[in-house]
Protein chains: 2
Amino acid sequence: MKNIDVCLTPDLLHLHSIDNSIVIVTDIFRATSCMVTAFAYGIESILPVATVDECKDLQARGYIGAAERNAQKVEGFELDNSPFSYMDERLIGAKIAMTTTNGTLSITKAKSAAVKVLAGAFLNLNAIVKYLQTQPYDVLVLCAGWKGRPNLEDTLFAGAVVDALKDEYFVAEDSAILSMRTYQQAKDDMIGYLANSSHIRRLHRLGINKDISYCLQRDLYDVVPILRGNELVNM
Amino acid sequence: MKNIDVCLTPDLLHLHSIDNSIVIVTDIFRATSCMVTAFAYGIESILPVATVDECKDLQARGYIGAAERNAQKVEGFELDNSPFSYMDERLIGAKIAMTTTNGTLSITKAKSAAVKVLAGAFLNLNAIVKYLQTQPYDVLVLCAGWKGRPNLEDTLFAGAVVDALKDEYFVAEDSAILSMRTYQQAKDDMIGYLANSSHIRRLHRLGINKDISYCLQRDLYDVVPILRGNELVNM
């Protein structure tokens, strides 16, 4: 039987052996929700990079630059971290270079050891689940968290994946059980459940409530962003 | 307003600034439940040490040795990690040296920076809460976890502390919200909630079900173990 596990923050990834695992990186608010949206709207590839400087270099080489720090756009880049920015027909076929506070770092951390790295969000939850069911590998959902700390929204998504796969996979570890139970508790009113979360308060201050509602919608898109070499593409 | 926060494992303690905080270390199964029981039964002091070797040295200097690794007693020591071992009138007034897989390490990690370090368990939940209310400091509940990973039972205890103090303290961070909601979900049937947890399975294999039921009882003892210098004493 395949195993499914959850890592609540990239700062705990060293405790997980992932050489037989597909890693689903999730950063619900908002990096992986952006990525899923981008592929749904026809973007060709996304190159996740760790630093703003790398992103700038790639911009000079023809990439469209998307850089976010502390939930805000970095000056000098075309795209911010709102999924609505990616719904733009001028971006069809584009190659994007992206750096975010938490999400892209998690992808970088996972890529050296994992069998495959996917980007997951509520927007493509069912597409991810269906793909995993066809694969012979264990699964680790890696929550991007916030600056090393666990957060509620990524934990909820991890729990949604575990909940969907719990009958076919072995749920061995407490982080996976905790995430699943949290999702089961919250799933009928995720906005209510998240009302006091630290990131929701951060985003409210920035006035982007519509991003929050958007990112919590399930199964809008049938896309599976997967890392090929250093770039994410739609499978 | 004072802040209350939760650190789900000692591997994330570096993300928390604790120089204005009282840290409550918890290792429900079973180190801090043992400590609380020990003081309730008249033990004088507990010296937590990180290694089995240190524990052995102290034994040679007259301490009673308690050493546990992987949930089992290490050979050559008087006491194991069952709270029932500490209900022994021959131990009244005794000085104990203790090392455990997770709990004592967390105390060692917290002690350099925190204002005060306490040992908390369901057994002395209310005593801890009442003491914190008299203090001007922030609170961090530090879950010992299992070998660096979060676990359910320590998260539940952290949530119980947050739940009891939520009206008087600012609950800013998601780990604290997650713990509190988990406790609220589980509090009426904690044994049921923990039924599939990794550590419960580990303990079942060792045949110590009665320790589990015992450690989940709330407010049996009015003791507050506090670190003075290197030793825990009853306040």
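This is a predicted model: local features need pLDDT of at least 70, side-chain atom pairs count only at pLDDT 80 or more; totals for chains, interfaces and linings use all residues.
**Exercise 1. State the confidence scores of the model and of chain A.**

*Solution.* For the model, ipTM is 0.92 and pTM is 0.94. Within chain A, the average pLDDT is 94, and 99% of the residues score at least 70.

**Exercise 2. Determine how chain A is related to chain B.**

*Solution.* Next, find the residue of chain A that comes closest to the rotation axis: Thr182(A), with its C-alpha at 3.5 Å.

**Exercise 3. Describe the side of chain A that touches chain B, by element and by residue class.**

*Solution.* Begin with the count: 22 residues of chain A are in contact with 22 residues of chain B. Then assign elements: helix H5 (152-165) and helix H6 (174-186) of chain A are those that give two or more residues to this side. H6(A) gives the most, with seven residues. By class, the residues on this side of chain A divide into eight nonpolar, nine polar and five charged. Finally, compare the chains: 100% of the interface residues of chain A are also interface residues in chain B, so the copies meet through the same surface.

**Exercise 4. Characterise the packing of H6(A) with H6(B).**

*Solution.* The two helices pack at an angle of about 75°, and their axes are 11 Å apart. Because angles of 65 to 115 degrees count as roughly perpendicular, H6(A) is roughly perpendicular to H6(B). On H6(A) the contact is made by Leu178(A), Arg181(A), Thr182(A) and Gln185(A), and on H6(B) by Leu178(B), Arg181(B), Thr182(B) and Gln185(B). The classes in this contact are two nonpolar, four polar and two charged residues.

**Exercise 5. Characterise the packing of H5(B) with H6(B) within chain B.**

*Solution.* Helix H5 and helix H6 of chain B pack at an angle of about 95°, with axes 7 Å apart. H5(B) is thus roughly perpendicular to H6(B). Among the contact residues are Leu156(B), Gly159(B) and Val162(B) of H5(B), and Ser179(B), Met180(B) and Tyr183(B) of H6(B). The residues of this contact divide into eight nonpolar, five polar and one charged.

**Exercise 6. Identify the strands of chain B that are bridged to S1(B), with an example pair for each.**

*Solution.* Strand S1 (residues 2-7) is joined to strand S9 (residues 169-171) of chain B by three bridges, and these strands run parallel. In S9(B), Tyr169(B) is the bridge partner of Lys2(B). S1(B) is also joined by four bridges to strand S8 (residues 138-143) of chain B, again parallel. Here Asp5(B) stands opposite Leu140(B) in S8(B).

Technical notes:
Residues are numbered from 1 along each chain as its sequence is written. Chains are lettered from A and ligands numbered from 1 in the order in which they are written. Two residues are in contact if their C-beta atoms, placed from the backbone, lie within 7 Å. Ala, Val, Leu, Ile, Met, Phe, Trp, Tyr, Cys and Pro count as nonpolar, Asp, Glu, Lys and Arg as charged, and the others, Gly among them, as polar. Copies are superposed by least squares on the C-alpha atoms of residues with pLDDT of at least 70 in both. pLDDT is the predictor's confidence in each residue, from 0 to 100. Axes are lines fitted to C-alpha atoms, for helices over the stretch in contact, and angles run from 0 to 180 degrees between N-to-C directions. Angles under 35 degrees count as roughly parallel, over 145 as roughly antiparallel, 65 to 115 as roughly perpendicular and the rest as oblique. Two strands pair if DSSP finds at least two bridges between them.
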